[in-house]
Amino acid sequence: VVSRGDVGRGVLYTVQPDDDPAWRQNLLAGTAARVWMLRELEWLQEALTPAGQAPALADGGVPVGDLVQACPDADWDNLWAQVWLEA
């Protein structure tokens with residue numbers, strides 16, 4: 001990762017590939033990347049929903065600046081472990 005992108009333009013990160021083309025086979029682009037991102041957002045929404053409640057759909061509200069502060073009851077250690085495949 002060489003830079004963080006502009007989320008408003010749909011670019012999250014800019015990566016600089018190395019000379020070995022073998023690792024590129026797992027990169028997603030276009031529609032496949034959008035589908036992956038939507039699935040991940042759904043997973044995150046479910047993970048942040050308090051126990052016993054149904055997840056709410058996004059209503060076009062204002063994004064929060066600090067997700068951790070906005071969801072203080074979330075199990076952030078477990079969530080980060082799952083995101084980074086450390087579980």
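## Aromatic pair and overall form

Trp 80 is partly exposed, with a relative accessible area of 40%; buried means under 20%, exposed over 50% and partly exposed in between, with a 1.4 Å probe and protein chains only. Trp 76 counts as buried. The two values are set out below.

| Residue | Relative accessible area | Class |
|---|---|---|
| Trp 76 | 10% | buried |
| Trp 80 | 40% | partly exposed |

This is a predicted model, in which local features need pLDDT of at least 70 and side-chain atom pairs pLDDT 80 or more, while totals for chains, interfaces and linings use all residues. Residues are numbered from 1 along each chain as its sequence is written, and side-chain values use heavy atoms, without hydrogens or water.

The whole structure holds 1 aromatic pair (rings of Phe, Tyr and Trp, the last by its six-membered ring, with centres within 6.5 Å; planes under 30 degrees apart are stacked, over 60 edge-to-face, the rest tilted). The ring centres of Trp 76 and Trp 80 lie 5.2 Å apart with planes at 35 degrees, so the pair is tilted. Both residues belong to helix H3 (residues 76-83), where 4 residues, or about one helical turn, separate them.

The chain has 3 helices and 2 strands, in the order β-β-α-α-α from the N terminus; helices (H or I, at least four residues) and strands (E, at least two) are DSSP runs. Its C-alpha atoms fill a box of roughly 50 × 30 × 20 Å along the principal axes. Of the 87 residues, 8% count as buried.
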